[in-house]
Amino acid sequence: MDCIFCKIVNEEIPCYKIAENEHAIAFLDIMPITKGHFLVIPKKHFEFAEDAPEELMANLMILATRLAAAAKKALKCDGINFIINSGKRAGQIVPHVHLHVVPRYNDDGIYWPWPQGELDNETASTLINSIENAL
Ligand code: 5GP
Ligand code: ZN
């Protein structure tokens with residue numbers, strides 16, 4: 001399969017690896033948003049996070065949490081964004097599940113750009129029902 005992250009997992013192309021466990025590998029993002037931006041990916045290929053096994057996603061988060069705590073200590077950042085873009089519309093470019101861990105700094109000049117909507121009771125219960133019915 002012609003997947004750049006599978007090639008990193010298989011060591012066909014290099015990466016700046018930070019750590020790995022049985023299921024996941026973490027390495028520095030080649031085009032970092034901020035200093036210390038890294039990715040945590042499953043060793044097994046899945047395109048979308050929501051289609052991957054729940055346990056595998058939990059394993060990503062275990063490694064990400066451990067490394068984010070270390071990065072916070074090492075880099076003295078002021079916050080961290082944990083981000084998964086799933087699907088083109090959500091900004092996913094590399095079609096292999098990956099969790100971005102982006103250290104944030106008070107002076108990084110990056111602002112959350114999303115608009116804030118509104119939620120009423122009727123919409124909330126319709127949404128909850130439709131998600132519950134799809135479980
Ligand atoms: P996405 O937009 O799919 O959520 O993010 C993909 C990320 O992968 C981007 O931040 C991009 O910089 C990173 N990336 C793409 N190709 C490579 C690569 O070959 N090596 C590394 N380390 N990062 C990559
Ligand atoms: Zn892959």
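Predicted model: local features only at pLDDT ≥ 70, side-chain atom pairs only at ≥ 80, totals over all residues.
Student: Which atoms of the protein are the donors of the zinc ion (ligand 2)?
Tutor: Donors are N, O and S atoms within 2.8 Å of the metal (3.2 Å for Na, K and Ca), and sites may look incomplete without water. Here they lie 2.0 to 2.3 Å from the zinc ion, and they are C3 (SG), C6 (SG), H45 (ND1) and H96 (ND1).

Student: What arrangement do the four donor atoms around the zinc ion (ligand 2) make?
Tutor: Four donors count as tetrahedral if all angles lie between 85 and 135 degrees. The four donor atoms around the zinc ion (ligand 2) subtend angles of 104 to 118°, and therefore the arrangement is tetrahedral.

Student: How many residues apart are H45 and H96?
Tutor: Helices (H or I, at least four residues) and strands (E, at least two) are DSSP runs numbered from the N terminus. H45 sits in the loop between strand 3 (38–42) and helix 2 (54–75), while H96 sits in the loop between strand 4 (79–83) and strand 5 (99–104). The pair thus links distant parts of the chain, with a separation of 51 residues.

Student: Is H96 buried or exposed?
Tutor: Buried means under 20% relative accessible area, exposed over 50%, and partly exposed in between (1.4 Å probe, protein chains only). H45, with a relative accessible area of 22%, is partly exposed. H96 has 0% relative accessibility, so this residue counts as buried.

Student: What kind of aromatic pair do F5 and F27 form?
Tutor: Rings of Phe, Tyr and Trp (its six-membered ring) pair if their centres lie within 6.5 Å, and planes under 30 degrees apart count as stacked, over 60 as edge-to-face and the rest as tilted. The structure holds two aromatic pairs. In the one formed by F5 and F27, the centres are 5.5 Å apart and the planes are at 80°, and the pair is edge-to-face.

Student: Which parts does the pair of F5 and F27 tie together?
Tutor: F5 is buried at a relative accessible area of 8%, and F27 is buried at 3%. The two residues are 22 places apart in sequence, so the pair ties together helix 1 (residues 4–9), which holds F5, and, with F27, strand 2 (residues 24–28).

Student: What is the angle between the planes of W112 and W114?
Tutor: W112 and W114 are both exposed. Their rings form a tilted aromatic pair, 4.9 Å centre to centre, and the angle between the planes is 50°.

Student: How far apart in space are N21 and I62, C-alpha to C-alpha?
Tutor: N21 lies in the loop between strand 1 (17–20) and strand 2. N21 and I62 are separated by 41 residues in sequence, and their C-alpha to C-alpha distance is 9.6 Å.

Technical notes. Residues numbered from 1 in each chain as written. Chains lettered and ligands numbered in written order. Heavy atoms only, no water. Tetrahedral: all angles 85-135°; square planar, octahedral: opposite > 155°, others 65-115°.
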